[in-house]
Amino acid sequence: MDLNAISFWVFSTLAVLSAIYVVFGKNIIYTVLSLISTLIMVSGLFFTMGAELVGALQILIYAVAIVVFYVLVISTVPQFKGQATDGKYMLLSIPVGFIVFLELAYVSIYGVWQSSTGIFDEKVLSELGNAKAVGTMLFTKYLFPFEVASLILLVAMIGAIILGRKKEDVQGV
Amino acid sequence: MSIPYEYYIVLSGLLMVLGLIGIMVRRNIITVLISTELMLNSVNIAFVAFDMKLHEVAGQVFVFFILTIAAAEAAVGLGLIMAIYRLKKDVDIEKITELKL
């Protein structure tokens with residue numbers, strides 16, 4: 001058992017355990033903290049798969065920027081009084097989740113995607129490096145979606161500002 | 001690359017189903033959005049695992065886009081939650097039933 005396998009099992013076990021707490025935990029602060037734990041473990045899994053750039057971005061964007069949004073909103077909304085989970089839907093969700101899991105596993109493993117393979121095998125990747133390979137693809141073949149993504153971020157920022165503004169400010173303008 | 005990619009796919013499916021269960025059973029809107037983040041992460045794992053299998057990097061480019069969309073979704077979704085809270089003084093899903101028949 002080499003280091004890669006050990007880290008895979010450690011990261012995946014911790015990711016699933018913290019995801020279970022995210023779904024079923026009572027305290028919302030602990031829920032957000034377990035979300036951070038899950039995100040960091042997923043980033044570690046990216047590193048075990050050899051995707052260093054995406055793993056670093058996962059920590060920078062997800063585990064720092066997005067979680068800060070949640071903490072901010074939780075600090076403004078007062079404590080949630082009601083029950084954390086709804087027993088009515090709990091019984092329904094387990095079989096539905098199991099069926100969806102079987103379908104996902106079947107489609108992903110026996111799908112028709114196996115026909116095509118790319119050029120970035122281990123030799124090319126060890127020559128180029130992961131970050132350079134991803135950056136080259138991002139700025140050549142996927143340049144237009146990249147620019148559109150910046151537009152989406154701008155629109156989301158304007159939308160968040162307008163939605164978050166108080167009503168009195170609108171009348172005052 | 002000693003771990004076969006199927007293990008990653010199974011882990012991704014597990015996280016996806018956990019996020020789905022979270023969306024179904026949770027009653028606080030903020031935790032429903034947090035479960036959505038779990039589902040987005042599981043898709044990221046699947047993209048990178050298929051990249052490893054197919055000798056490609058296009059999936060990692062799409063992980064970029066998913067990160068962008070997740071940031072936009074969190075900003076707009078949490079802004080909506082703040083607006084709902086200001087209107088109803090509550091974030092319980094069972095109490096927000098204006099569109100219910």
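Predicted model: local features only at pLDDT ≥ 70, side-chain atom pairs only at ≥ 80, totals over all residues.
1. Glu98(B) is exposed, with a relative accessible area of 53%; the classes used here are buried under 20%, exposed over 50% and partly exposed in between, taken with a 1.4 Å probe on protein chains only. Glu98(B) forms a salt bridge with Lys88(B), with 2.7 Å between the closest N and O atoms. The term salt bridge denotes a side-chain nitrogen of Lys or Arg within 4 Å of a carboxyl oxygen of Asp or Glu. The two partners belong to distant parts of the chain, 10 residues apart: Glu98(B) sits in the segment after α3 of chain B, and Lys88(B) in helix α3 of chain B. Lys88(B) counts as partly exposed, at 31% relative accessibility.

2. Residues are numbered from 1 along each chain as its sequence is written, chains are lettered from A and ligands numbered from 1 in the order in which they are written, and side-chain values use heavy atoms, with hydrogens and water left out.

3. Over all chains, the structure holds 5 salt bridges. One of them joins the side chains of Arg27(B) and Asp92(B), at 2.9 Å from N to O. This pair links distant parts of the chain, 65 residues apart: Arg27(B) is in the loop between α1 and α2 of chain B, and Asp92(B) is in the segment after α3 of chain B. Helices are DSSP runs of H or I with at least four residues, strands are E runs of at least two, and both are numbered from the N terminus. Arg27(B) counts as buried because its relative accessibility is 15%, and Asp92(B) counts as buried at 3%.

4. A further salt bridge connects the side chains of Lys95(B) and Asp90(B), at 3.4 Å from N to O. Lys95(B) is partly exposed, its relative accessible area being 47%. Through salt bridges that share partners, Arg27(B), Asp90(B), Asp92(B) and Lys95(B) form one network.

5. Which side chains meet in a salt bridge of 4.0 Å, N to O? They are those of Glu94(B) and Lys88(A), and the count between chain B and chain A is 1 salt bridge. Between these chains there are also 9 residue pairs in polar contact, both residues being at pLDDT 80 or more. A polar contact is a pair of N or O atoms within 3.5 Å; within protein, one must be able to donate a hydrogen and the other to accept it, and residues adjacent in sequence count only if both atoms are side-chain atoms. On the side of chain B that touches chain A, two or more residues each come from α1 (5–25), α2 (29–54) and α3 (58–88) of chain B. The most come from α3(B), with 24 residues.

6. The contact between the chains, where contact means heavy atoms within 4.5 Å, takes 70 residues from chain B and 87 residues from chain A. The area buried between them is about 7,100 Å², and carbon and sulfur atoms give 79% of it. Buried area is the accessible area (1.4 Å probe) that two parts lose on being put together, summed over both.

7. The largest nonpolar core has 69 residues, and those with the most contacts inside it are Met49(A), Tyr70(A), Tyr8(B), Ile30(B), Ile45(B) and Ile81(B). Such a core is a set of buried Ala, Val, Leu, Ile, Met, Phe, Trp, Tyr and Cys residues joined through side-chain atoms within 4.5 Å. Apart from neighbours within four places in sequence, Tyr8(B) is in contact with residues including Phe8(A), Met49(A), Ile45(B) and Met52(B).

8. Tyr70(A) is found in helix α3 (residues 52–76) of chain A. Tyr70(A) counts as buried because its relative accessibility is 0%. Leaving aside neighbours within four places in sequence, Tyr70(A) is in contact with Ile30(B), Leu33(B), Ile34(B), Glu37(B), Ala74(B) and Leu78(B). The side chains of Tyr70(A) and Glu37(B) are joined by a polar contact of 3.0 Å.

9. Ser34(A) lies in helix α2 of chain A and counts as buried at 9% relative accessibility. A polar atom of the Ser34(A) side chain lies 2.6 Å from the backbone oxygen of Tyr30(A).
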